Amino acid sequence: MGIVTPGFTGRAREPGTKLPPGQYLTRDFPVLSAGPTPRIPLDKWEFAVITETGQRHTWSWPALLALPAETVTVDIHCVTKWSKLGTTWTGVSVDTLLADVETGADHALVHSYGGYTTNLPLEDLLDGKAWVAYKYDGEDLHPEHGGPARLLVPHLYFWKSAKWVRGIQLTPEDEPGFWESVGYHNYGDPWREQRYQGD
Amino acid sequence: MDTRDETTTARTLVLDVPDWPGHLAGQHVDVRLTAPDGYSTQRSYSIASAPDGTKVELTVQRIPDGEVSSYLTGVFSIGGPVELRGPIGGWFVWRRTDAAPVLLVAGGSGIVPLMAMVRTRMAAGSRVPFRLVYSIRTPADGFYADELRSAGVDLTYVHTRAGPGPVGRLTAATLDSHGWPASLEPACYVCGPTGFVETVSDILVALGHDPGRVRTERFG
């Protein structure tokens with residue numbers, strides 16, 4: 001427990017709400033980004049899975065929408081301390097996108113339009129843990145929130161859920177992405193409060 | 001250590017942090033408050049000051065129903081302990097060794113990390129050209145008004161609700177006239193509420209600035 005702050009009592013707590021350590025509940029949907037929002041026309045949009053041998057599997061926007069989609073309700077946790085519970089997304093499971101991909105790689109580097117990257121172990125993208133999401137709360141995903149499509153990986157801090165996703169590159173070695181290269185934790189488990197390098 | 005009211009709803013806290021390792025302009029700290037029952041909560045606050053030994057200044061804007069901001073701008077008294085962690089952030093920073101002209105665009109309390117950049121430049125005796133466009137509701141809402149007048153930066157205020165001159169939102173025309181031309185390849189830093197940052201960064205890109213040279217920090 002931290003040192004008690006004199007005179008601080010905090011706001012009334014809702015019983016039964018379990019948040020990861022250090023998080024607070026928000027009812028709005030904050031937007032954070034490193035730079036301007038990229039705008040991608042749908043007729044130019046493409047998603048690619050690139051294996052460690054350079055094999056490319058690609059989907060145009062219509063092809064993505066034609067894949068079996070799921071609607072999931074998940075809790076999301078941002079490293080800047082806000083958590084939003086019960087958010088609903090529609091998208092394609094990454095398991096579906098990787099179904100026909102042959103790879104021996106253990107790591108993934110996710111790429112976004114605008115140059116953002118983030119890395120994760122491949123196993124954190126599999127077995128129902130990740131989606132390429134294109135709807136939030138029943139509506140088309142807003143560009144501010146990563147539309148037309150973003151990665152959704154709710155079990156990790158939300159910077160791993162790359163907005164404006166354009167591809168997943170499978171890599172034999174772990175390659176740190178954007179925030180991971182400027183002091184943020186390489187893995188980012190909110191339940192172990194892995195915010196920054198060294199946590 | 002000390003407090004200073006910037007406006008009727010914002011207060012600067014001057015903290016003494018033993019073993020503070022120093023910081024870069026633009027970085028922030030995470031402040032943690034702990035109630036007697038063990039409940040604790042954290043928020044991030046941008047550092048307002050240039051590096052200066054163990055002194056760290058934070059300017060906190062009181063938010064309606066803000067759990068932490070109402071404490072820090074209210075009950076928290078000079079000399080009270082506060083737990084903080086930092087400095088944090090490696091992207092939205094300005095280093096004295098960065099030579100490119102700098103454009104700072106602030107919306108409301110977004111001025112805080114940009115003021116750290118202005119102060120760092122001043123303390124270093126730097127001649128890097130800085131332009132600041134500062135959007136606030138009325139003149140009374142501006143932080144650091146006196147200091148900004150003599151800070152050695154080209155300063156343009158935008159008053160969105162009331163003011164001595166034209167009143168209205170920040171526009172592309174203002175950024176075109178009072179920002180740096182894109183051909184100069186300035187480093188742009190935009191900070192403030194998310195809607196403001198979205199609009200301003202879209203304008204800068206539309207004016208020809210390379211998106212990779214527009215760094216954004218959004219509050220809320």
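In chain A, residues 24 or more positions apart account for 65% of the contacts with a separation of 6 or more; two residues are in contact if their C-beta atoms, placed from the backbone, lie within 7 Å. The model is predicted: local features need pLDDT of at least 70, side-chain atom pairs count only at pLDDT 80 or more, and totals for chains, interfaces and linings use all residues. Residues are numbered from 1 along each chain as its sequence is written, while chains are lettered from A and ligands numbered from 1 in the order in which they are written.

**Overall form of chain A**

- Chain A contains two helices and eleven strands; helices (H or I, at least four residues) and strands (E, at least two) are DSSP runs, numbered from the N terminus.
- Their order along the sequence is β-β-β-α-β-β-α-β-β-β-β-β-β.
- Chain A has a radius of gyration of 17 Å, close to the 16 Å given by the globule rule for 199 residues, so it is as compact as a globular protein of that length. The radius is taken over C-alpha atoms, and the rule is 2.2 Å times the number of residues to the power 0.38.
- Of the 199 residues in chain A, 38% are buried. A residue is buried if 20 or more other C-beta atoms lie within 10 Å of its own, exposed if 12 or fewer, and partly exposed in between.

**Strand pairing in chain A**

- Strands β2 (residues 46-50) and β3 (residues 56-60) of chain A run antiparallel and are joined by five bridges; two strands pair if DSSP finds at least two bridges between them.
- A:Ile50 is placed opposite A:Arg56 in β3(A).
- β2(A) and β3(A) form a hairpin with five residues between them, and A:Gly54 in the turn has a positive phi of about 95°.
- β2(A) also pairs with strand β11 (residues 165-171) of chain A, in the parallel sense, over three bridges. Here A:Val49 stands opposite A:Ile168 in β11(A).

**Domains and cores**

- Chain B is divided into domain 1 (2-88) and domain 2 (102-219), with bounds that come from an automatic or database domain assignment.
- The C-alpha centres of these two domains of chain B lie 23 Å apart.
- The largest nonpolar core has 58 residues, and B:Leu58, B:Leu104, B:Leu114, B:Leu132 and B:Tyr189 have the most contacts inside it. Such a core is a set of buried Ala, Val, Leu, Ile, Met, Phe, Trp, Tyr and Cys residues joined through C-beta atoms within 7 Å.
- Helix α2 (residues 111-123) of chain B gives seven residues to this core, the most of any element.
- Domain 1 (2-88) and domain 2 (102-219) of chain B both give residues to this core, so it lies between them.
- A second, separate core of 41 residues includes A:Trp89, A:Leu97, A:Leu120 and A:Trp164.

- Most residues other than glycine have a negative phi, and most peptide bonds are trans.
- The bond joining A:Gly147 and A:Pro148 is cis, with omega about 15°.
- The peptide bond from B:Gly86 to B:Pro87 is also cis, with omega near 0°, and B:Pro87 is in strand β6 of chain B.
- B:Tyr144, although not a glycine, has a positive phi of about 60°. B:Tyr144 counts as buried because it has 20 C-beta neighbours inside 10 Å.
- B:Glu185, also not a glycine, has a positive phi of about 50°. With 13 C-beta neighbours inside 10 Å, B:Glu185 counts as partly exposed.
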